[in-house]
Amino acid sequence: MFTGIVEELGEVTAVENLGDSSRFRLRGPVVTEGAKHGDSIAVNGVCLTVVDFGDGEFTADVMAETLKRSSLGALEEGSRVNLERPMAVGGRLGGHIVQGHVDGTGTIVERKPSENWEIVKISLPADLTRYVVEKGSITVDGVSLTVVDAGPDYFTISLIPTTLALTTLGIKQSGDLVNLEVDVIAKYVERLLGAEAANAADAADAADAADAADAAETKETAK
């Protein structure tokens, strides 16, 4: 589990196309300190497994499904990326619960700079709109952020100077893709409520069927 608090602004040092997957080598001295084979590191919000590491760099394999569903497929040598190690047990949950499982991608539509912050408007896929609410949490390229405004096909976020300076959100421009992960709690609530509604509907159908059977039996007895 991650928190969406980026530890380091890393860099892609090599990309190897393996046909149905890609192998990335990324520089991140902070996140590779004490790293072991098989560890997880979030790259722009995508949980990847460390295959190899050394000299402040690590290698990770990315499957075709991940390349298709996230913006990692657009990465190339020299691309900057947000890096975060999983939260240690007993650590501070500085952002919100982040799984590193990208739900979809959005496009930066507009940036409005201000004196002390910047408002960024991002397009929102139709199947994710129901999970995004004003003042709720969302992960953008691995960064835990608060939704300022939730529109029918977009949302806005407000970026403070620290976020602009220490993450990729400070350098991305209009038209750039970003990875989105909605609040997992919202998805669980939807699933539970859906199951409850389905159970209620099944119970109602069963009750109707029982009533119909009773009515038929009563009618037959009355003959």
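Predicted model: local features only at pLDDT ≥ 70, side-chain atom pairs only at ≥ 80, totals over all residues.
User: What is the mean pLDDT of the protein chain, and which elements have the lowest and highest means?

Analyst: pLDDT is the predictor's confidence in each residue, from 0 to 100. The protein chain has a mean of 88, and 87% of its residues reach 70 or more. Helices (H or I, at least four residues) and strands (E, at least two) are DSSP runs, numbered from the N terminus.

User: Why is Asp-55 called exposed?

Analyst: Buried means under 20% relative accessible area, exposed means over 50%, and partly exposed is in between (1.4 Å probe, protein chains only). Asp-55 has 77% relative accessibility, so it counts as exposed. Asp-55 lies in the loop between β4 (46-54) and β5 (57-63).

User: What is said of phi at Asp-55, and what do β4 and β5 form?

Analyst: The phi of Asp-55 is positive, about 55 degrees, although this residue is not a glycine. Strands β4 and β5 form a hairpin with 2 residues between them, and Asp-55 is in the turn.

User: How do you know that β4 and β5 pair?

Analyst: Two strands pair if DSSP finds at least two bridges between them. β4 and β5 have 4 bridges, in the antiparallel sense. One of the contacts to β5 is from Gly-54, whose bridge partner there is Glu-57.

User: Which other strand is joined to β5, and how many of the residues of β5 are buried?

Analyst: β2 is joined to β5 by 7 bridges, and the two run antiparallel. Arg-23 stands opposite Asp-61 in β5. Of the 7 residues of β5, 5 are buried, and the strand is mostly covered.

User: Is His-37 buried or exposed, and where is it?

Analyst: His-37 has 61% relative accessibility, so it counts as exposed. His-37 sits in the loop between β2 (21-27) and β3 (40-43). His-37 and Phe-58 are 21 residues apart in sequence and 9.5 Å apart in space, C-alpha to C-alpha.

User: Why is Lys-135 called exposed?

Analyst: Lys-135 is at 56% relative accessibility and therefore counts as exposed. Lys-135 is placed in the loop between β8 and β9 (137-140). The phi of Lys-135 is positive, near 70 degrees, in a residue other than glycine.

User: Which strands make up the closed barrel?

Analyst: The closed barrel has 6 strands, in the order β7-β8-β11-β10-β9-β12, with antiparallel pairing. Neighbouring strands of this sheet are turned by 45 degrees against each other on average, direction ignored.

User: How many bridges join β7 to β8?

Analyst: Strand β7 (residues 104-113) and strand β8 (residues 118-123) are joined by 5 bridges and run antiparallel. Glu-110 stands opposite Lys-121 in β8.

User: Why is Ile-185 called partly exposed?

Analyst: Its relative accessible area is 48%, so Ile-185 is partly exposed. Ile-185 is found in helix α3.

Key: Residues numbered from 1 in each chain as written. Heavy atoms only, no water. Axes fitted to C-alpha atoms, helices over the stretch in contact; angles between N-to-C directions.
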